[in-house]
Amino acid sequence: MQRKESAELGQKPISKLLIGQAVPASIGILVMSLNILIDTIFVGNWIGPIAIAAINVVLPVSFFIAALGMAIGIGGSSIISRALGANDKLKAMKTFGNQITLTLILTIGMVVPGLIFMDSIIPTFGGKGDIFDPAKIYYTVVLYGVPFLALCMMGNTVIRAEGKPRFAMIAMIIPSVGNLILDYILINQLNWGMAGAAWATTASYLCCFAYILWFFLSGKSELRISRTHFRLDVPILKEIGSLGAVTLARQAVVSIVYLLMNNILFKLGGETSITVYAIIARMLMFALFPVLGVTQGFLPIAGFNYGAEKYQRVRKSINLAILYSCTLGLAIFAGIMFFAEDIVRIFTQNETIIAETPSAMRWVFAATPIVALQLIGAAYFQAIGKAIPAFLLTLSRQGFIFIPLVLILPKFYGETGVWVSFPLADLLSTIITAYFLNREIVRTLK
């Protein structure tokens with residue numbers, strides 16, 4: 001029975017564990033982010049700026065459905081990490097089987113109506129005017145591959161929960177590299193336009209799914225599940241649901257933010273403003289990869305040691321995760337402040353977009369050095385199975401604070417009000433998270 005990797009989560013020095021978990025996670029996120037970034041560059045240069053806006057309209061819909069898999073994966077992986085820490089192998093296997101069944105049921109149930117009502121959904125998310133037709137082409141093809149993406153997101157978190165970050169990293173790299181190669185072939189060489197971008201994305205999801213399926217069937221995994229484990233178990237579903245709701249709610253809020261931003265910016269500046277936001281959104285996905293990598297690496301370490309009641313190790317993992325991620329956040333902040341205009345020129349040669357984007361980007365990234373604390377704090381409560389504080393802290397940043405700000409400030413300050421809402425929300429949510437995290441540490445981790 002292969003318990004070596006998961007057992008090491010409770011034995012190795014925290015600093016080595018965190019680096020060992022965070023580096024592969026960061027590389028995987030980096031490659032995935034580079035894929036999104038380069039994909040946007042290819043689309044912007046080979047198809048046009050409107051194509052960037054079209055993809056930005058489709059992403060919140062497709063990623064919300066795929067986030068069902070991520071939510072089920074993270075919720076279930078928290079259970080798996082704690083179960084492995086407590087040496088309860090049966091619960092870990094039953095949880096994984098339930099994750100697969102639940103992911104298939106929910107994602108297919110969302111994709112079907114998503115395709116039926118696409119003509120209403122696309123304009124709702126900002127796909128209006130010249131954006132509608134290319135957005136519809138991209139949306140139709142990509143939605144067919146979303147259930148496979150959901151299974152990939154779910155499986156990836158389980159691989160990481162077992163203490164095998166390198167396999168999880170490879171699972172993230174495969175679709176990214178595949179998408180870029182197919183982008184070149186289908187868009188640049190075959191001149192398929194938006195359809196080429198969409199089929200490249202969908203095919204990359206299938207490649208990732210094939211690799212993750214191989215991992216679990218080849219004996220690399222500790223979780224040797226049988227057909228009985230696929231039968232839905234109500235107590236396990238409740239636990240997956242309560243913890244997964246945190247991730248799902250976060251993605252739902254992200255989708256709402258995209259909806260609001262696309263519609264608010266369309267009124268303020270038309271297609272150009274939506275393209276500005278699309279570029280900034282891609283940079284948010286890309287630039288924060290090391291901070292997100294530390295957060296992903298922190299989750300199984302905290303969950304395993306909490307399940308094993310090694311609270312001193314949990315406390316040390318929190319401190320080091322915050323230190324590492326805040327340091328990385330400071331470096332990201334400096335890079336954006338100095339090179340914003342150079343970054344924008346990579347995406348487009350449109351002078352209007354080049355003139356408008358850099359100042360907006362600097363506002364959006366202004367609180368990056370401290371936002372890492374908010375991410376780690378919310379992730380900690382999720383890792384130890386405390387769903388309600390994890391849920392509230394996760395939503396505090398974009399849901400409870402950002403959305404009201406972005407609805408109010410543009411009425412007084414126009415587009416500047418939109419961009420200023422980002423650092424204000426980051427600052428306030430970080431203060432709130434720091435208070436509750438410190439209180440939890442004092443009360444629990446003695």
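Mentor: Axes are lines fitted to C-alpha atoms, for helices over the stretch in contact, and the angle between two N-to-C directions runs from 0 to 180 degrees. The model discussed here is predicted.

Trainee: At what angle do helix H7 and helix H8 pack?

Mentor: Helix H7 covers residues 165–189, and helix H8 covers residues 193–217. Their axes lie 8 Å apart. The packing angle is about 155°.

Trainee: Are H7 and H8 roughly parallel or roughly antiparallel to each other?

Mentor: Angles over 145 degrees count as roughly antiparallel. The angle between H7 and H8 is about 155°. H7 and H8 are therefore roughly antiparallel.

Trainee: Is the crossing of H7 and H8 left-handed or right-handed, and how many nonpolar residues does the contact have?

Mentor: H7 passes H8 in a right-handed crossing. By class, the contact of H7 with H8 has six polar residues and one charged residue. Its nonpolar residues number 18.

Trainee: How do helix H13 and helix H14 run relative to each other?

Mentor: H13 (residues 368–383) and H14 (residues 387–413) have axes 7 Å apart and pack at about 155°. Because of that angle, H13 and H14 are roughly antiparallel.

Trainee: What is the handedness of the crossing of H13 and H14, and which residues of H14 make the contact?

Mentor: The crossing of H13 and H14 is left-handed. From H13, the contact uses Val371, Gln374, Leu375, Ala378, Phe381 and Gln382. From H14, the contact uses Pro389, Ala390, Leu393, Thr394, Ser396 and Arg397.

Trainee: How many residues in the contact of H13 with H14 are charged?

Mentor: Seven residues of this contact are nonpolar and four are polar. The number that are charged is one.

Trainee: Is H9 roughly parallel or roughly antiparallel to H14?

Mentor: The axes of H9 and H14 come within 9 Å and cross at roughly 10°. That angle is why H9 and H14 count as roughly parallel.

Trainee: How many nonpolar residues are in the contact of H9 with H14?

Mentor: This contact has four polar residues and one charged residue. The nonpolar count is 21.

Trainee: Where does H9 bend?

Mentor: H9 (residues 234–287) spans only 40 Å between its end C-alpha atoms, whereas a straight helix of 54 residues would span 80 Å. H9 bends by about 130°, and the residue at the bend is Gly269.

Trainee: On which residue is the kink in H11 centred?

Mentor: H11 (residues 311–347) has 37 residues, and a straight helix would reach 54 Å. The end C-alpha atoms of H11 are only 47 Å apart. H11 has a kink of about 75°, centred on Phe339.

How values were computed: Residues numbered from 1 in each chain as written. Predicted model: local features only at pLDDT ≥ 70, side-chain atom pairs only at ≥ 80, totals over all residues. Heavy atoms only, no water. Helix = DSSP H or I, 4+ residues; strand = E, 2+ residues; numbered from the N terminus. Parallel < 35°, antiparallel > 145°, perpendicular 65-115°, else oblique. Left-handed = near helix turned anticlockwise from the far one by under 90°. Contact = heavy atoms within 4.5 Å. Nonpolar A, V, L, I, M, F, W, Y, C, P; charged D, E, K, R; others polar. Expected span 1.5 Å × (residues − 1). Bend = angle between axes of the 7 residues up to and from the residue.
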